[in-house]
Amino acid sequence: MESQFTHVHDTPPPGAAADWTISQDWDAFTADEHAMWDRLFARQSEMLPGRAADAFLRGIDVLKLEKPGIPDYRELNARLMAATGWQVVAVPGLVPDDVFFDHLANRRFPAGNFIRTPQQLDYLQEPDVFHDVFGHVPMLADPIFADYMVAYGEGGLRSLQFDALKQLARLYWYTVEFGLIRESGGLRIYGAGIVSSYAESVFALDSDSPNRIGFDLARVMRTDYRIDDFQQNYFVIDSLDQLLETTVNTDFAPLYAANAALPPIPIADILPDDSVITRGTQDYAAAKA
Ligand code: HBI
Ligand code: FE
């Protein structure tokens, strides 16, 4: 089993436990590091009203994430545990897939225990504490999404026997990281990769360039994605219930096999069966090519 990340080590680095967790050591964060969190938090929260999903905004509120500074997990976990039984655990960085899935299946979200530098304000390769906690944790305070992430982790562990990691990673990408949801006021963001990015939280909803397509599990699991720029496709769920229900009611083993026999879907292709919400111009991607 090869990881999609080349720089993940095979064994936990010195100081980490067998499950790759480390102590958050909250007292060791410097004033500059807390100030970086506050700067990112202020910039993102300004654009969230009317853009972030209801569940995300509720999560910020329930978890009291507006409190200044990098959250102390002793406080954050008390609130998160009370809401959904989830907790955040600190890890040095990316962890191997099996370790990652095992944490999710057991309601632990691994968060990188470092924060970006001013030079990395808009882009960094490995998830830091701002992406992981601000981006992912608010949704984990929602009971339905919390169950979806558990189902995903359990499915991930099983997928390792089927050599289906790539298909499952696409599901994570197009839901947990870059998902959109249809709400009464219009499309909203619930994906952590969007909601923790200043520029993409505008692009994902307002740009004419990307396709926005109704979520279809089998289709998503065949769709290529890019990790180095804004997405060319966003998949839109009608509700968090839809996401959880389709995931727990699908028998993944035959789906993996059926999908494996089909070619991957090129990033920006629209298929005849797609429920197209907006057909993108792909101008942004073309200008970059
Ligand atoms: N490790 N810390 C961390 N965060 C992730 O999001 C992560 C990971 N290891 C593996 C992994 N993601 C992928 O397997 C999933 O995106 C499918
Ligand atoms: Fe992430």
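I take contact to mean heavy atoms within 4.5 Å. The model I am reading is a predicted one.

**Entry: Ser207 and its neighbours**

Which residues does Ser207 touch, leaving out those up to four places away in sequence? I find Val202 and Arg212. I then looked up where Ser207 sits, and I place Ser207 in the loop that runs between α9 (198–206) and β5 (211–214).

Is Ser207 buried or exposed? I note a relative accessible area of 17% for Ser207.

I next followed the side chain of Ser207, which reaches the backbone nitrogen of Ser209 at 2.9 Å. For a view across the chain, I compared the positions of Ser207 and Ala83: they are 124 residues apart in sequence, and their C-alpha atoms are 35 Å apart in space.

I located His136 in helix α5 (residues 129–140) and Glu177 in helix α7 (residues 165–177). This pair therefore ties together parts of the chain that are 41 residues apart in sequence. I also checked the burial of the two residues, and I record both His136 and Glu177 as buried.

**Entry: the chain as a whole**

How many helices and strands does the chain have? I count 13 helices and seven strands. The radius of gyration is 18 Å, close to the 19 Å that the globule rule gives for 289 residues, so I describe the chain as being as compact as a globular protein of that length. Taken along the principal axes, the box filled by the C-alpha atoms is roughly 55 × 40 × 35 Å.

I then turned to burial and surface. Of the 289 residues, 54% count as buried. The chain exposes about 13100 Å², and I note that carbon and sulfur atoms supply 52% of that area.

Definitions and conventions:
Residues numbered from 1 in each chain as written. Chains lettered and ligands numbered in written order. Predicted model: local features only at pLDDT ≥ 70, side-chain atom pairs only at ≥ 80, totals over all residues. Heavy atoms only, no water. Helix = DSSP H or I, 4+ residues; strand = E, 2+ residues; numbered from the N terminus. Buried < 20%, exposed > 50% of the residue type's maximum accessible area, 1.4 Å probe, protein only. Polar contact = N/O pair within 3.5 Å; in protein donor to acceptor, adjacent residues only side chain to side chain. Rg over C-alpha atoms; globule rule 2.2 N^0.38 Å. Areas by Shrake-Rupley, 256 points an atom, 1.4 Å probe, with all protein chains shown as cover.
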